[in-house]
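The structure comes first, and the notes follow by topic.

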Amino acid sequence: MAEDSTWTYVPGLKPMILLSVGHLEIDWNRNNFSSDHSQLFQPSDLSTVPYYYADPRQPYRDDEGAFNLVTTHKEGLSKPLHQVLERVNLLGHTLEAARHEYESAASLHGIDPEKLSFDQLAKALATVDVASISPDYGDGQDFGKFFRRCIFDKIALATIVDDPDYVQYSTGACLEQLSACTILQLIAQNASACTLSLTWQFADEETEKWATRDQFVRPVDRENRFLIVTEGSSDAHVLRHAFGLLKPHIADFFDFVDMDKGYPFTGTGNLYNFTKGLVSISILNNIVVLYDNDAEGVYNFNRTLDLELPENMRVLKLPSLPEFRTFHTLGPTGEHRADINERAAAIECYLDIGPSARVRWTSFNKGSGTYHGVLVDKEHTLKTFLSKSSVDGRYDFSKITRVLDLIVSECVAMRELA
């Protein structure tokens with residue numbers, strides 16, 4: 001099945017804005033811009049996508065009102081669903097948040113949880129054959145009617161719940177309250193949908209001047225972004241470049257201190273003091289402070305954890321890795337194998353350093369009670385990485401990928417609590 005998404009334009013009705021995965025509609029609006037899904041996309045996702053309309057020459061195929069659809073292509077936003085899911089998580093709408101939203105809506109509408117639980121709804125959306133869904137959704141009016149006539153059968157709820165009649169005729173108002181992000185969390189677990197794209201068709205609303213282009217195509221809002229603060233400019237350069245190479249679909253969620261104007265927080269002591277300052281003024285931005293996994297970084301990381309950190313701030317250190325447990329090191333007594341975790345694993349060690357990499361012990365850190373080390377020829381390692389313009393199998397991105405995964409998971413946890 002082609003990665004498209006559709007909506008039915010009925011003669012006499014005004015244009016609609018449609019958000020969908022394949023032929024499964026997630027959200028729609030007519031004549032207004034009440035649901036903002038711009039944060040699920042990037043401006044680079046603008047492309048030509050299919051729109052389905054009822055044929056004005058012969059709108060209906062039969063006496064029961066099935067439409068005779070024709071296809072045209074116009075501008076819209078389109079992004080692979082698995083990439084959208086990572087953006088949904090960074091917006092704080094995790095699977096656990098989806099469960100909470102459904103259970104709150106079910107309680108508000110008096111839905112018997114034994115007759116339609118969150119897990120049953122999740123199972124229905126995870127097993128529905130998205131490829132078999134017809135693009136014909138009728139007139140799309142009145143959600144209760146729409147759910148009974150279209151959605152109930154399309155997601156095969158009758159095969160999952162014990163009381164299909166109750167679910168079909170009593171839960172429409174509850175399900176109408178679910179956000180698009182909750183539905184996307186669930187449909188992303190579907191094997192037949194995970195290879196499709198989420199599309200947002202807005203061209204008709206724009207043409208009819210119900211909305212403007214910048215309401216659909218725009219950057220991530222400031223309140224949804226994360227400021228990453230590191231020990232030095234090289235760390236920030238590496239992380240910015242790594243996100244651009246390895247996770248470009250979420251790179252726009254992350255900001256870094258302006259390095260072109262001089263990096264103001266070089267050194268772990270300065271970063272610790274800076275963090276204390278942020279805590280004292282109760283800054284509202286989402287902040288991630290990242291220390292190196294070396295002697296100095298670990299010392300300041302541990303004392304930073306003793307601060308009363310607000311919920312919009314996370315303090316991390318680069319992860320300890322098995323690869324660093326028996327590492328070649330150089331010191332006054334010669335060359336030895338040693339564990340450089342929490343002693344000498346700065347950001348350069350998470351790049352492709354090759355089998356001949358060495359760490360040189362340089363000084364004793366009184367705070368951590370251990371020696372501090374530095375990767376030999378780290379400048380060459382940094383330069384090589386920053387020169388990479390694409391991902392290929394000749395370069396080992398595995399360690400820096402784990403660093404990005406750590407940052408993303410902590411950012412998700414931060415937003416989930418918000």
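Two strands count as paired if DSSP finds at least two bridges between them. Helices (H or I, at least four residues) and strands (E, at least two) are DSSP runs, numbered from the N terminus. This is a predicted model, in which local features need pLDDT of at least 70 and side-chain atom pairs count only at pLDDT 80 or more, while totals for chains, interfaces and linings use all residues. Residues are numbered from 1 along each chain as its sequence is written, and side-chain values use heavy atoms, with hydrogens and water left out.

**The four-stranded sheet**

- Strand S11 (residues 327-331) pairs with S12 in the antiparallel sense over five bridges, and glycine 331 stands opposite glycine 334 in S12.
- The open sheet has four strands in the order S12-S11-S14-S15, and its pairing is mixed.
- Strand S12 (334-338) and strand S15 (370-375) are the edge strands, each pairing on one side only.
- Neighbouring strands of this sheet are turned by 45 degrees against each other on average, direction ignored; axes are lines fitted to C-alpha atoms, for helices over the stretch in contact, and angles run from 0 to 180 degrees between N-to-C directions.
- Helix H11 (residues 295-305) packs on the sheet and touches strand S14 (359-365) and S15, where contact means heavy atoms within 4.5 Å.
- The direction of H11 makes about 120 degrees with that of S15.

**Strand S5**

- Five of the five residues of strand S5 (residues 197-201) are buried (buried means under 20% relative accessible area, exposed over 50%, partly exposed in between; 1.4 Å probe, protein chains only).
- In a regular strand the side chains alternate between the two faces of the sheet.
- Ser197, Thr199 and Gln201 point one way from S5, whereas Leu198 and Trp200 point the other way.
- S5 pairs with strand S4 (residues 69-80) in the antiparallel sense over four bridges, with proline 80 opposite serine 197.

**Helix H2**

- Helix H2 (residues 95-108) has 14 residues and reaches 20 Å from its first C-alpha to its last, close to the 20 Å expected at 1.5 Å a residue; the expected span is 1.5 Å times one less than the number of residues.
- Ala98, Tyr102, Ala105 and Ala106 of H2 are buried.
- Seen down the axis of H2, the buried residues fall within an arc of 100 degrees, so they line one face of the helix; the arc is that of the directions from the helix axis to the C-beta atoms.
- His100, Ser107 and Leu108 are exposed on the other side of H2.
- Helix H3 (118-127), helix H6 (172-176) and helix H7 (180-187) are among the elements that cover the buried residues of H2.

**Salt bridges**

- A salt bridge is a side-chain nitrogen of Lys or Arg within 4 Å of a carboxyl oxygen of Asp or Glu, and the count by this rule comes to 19.
- Glutamate 410 forms a salt bridge with arginine 314, with the closest N and O atoms 3.4 Å apart.
- This pair links helix H13 (residues 398-416), which holds glutamate 410, to strand S10 (residues 313-317), which holds arginine 314, 96 residues apart.
- Glutamate 410 is partly exposed at a relative accessible area of 24%, whereas arginine 314 is buried at 16%.
- Glutamate 342 and lysine 317 meet in a salt bridge (3.8 Å, N to O).
- Glutamate 342 lies in the loop between S12 and strand S13 (344-345) and lysine 317 in strand S10, so the pair ties together parts 25 residues apart in sequence.
- Asp36, Arg218 and Asp221 are linked in a network of salt bridges.
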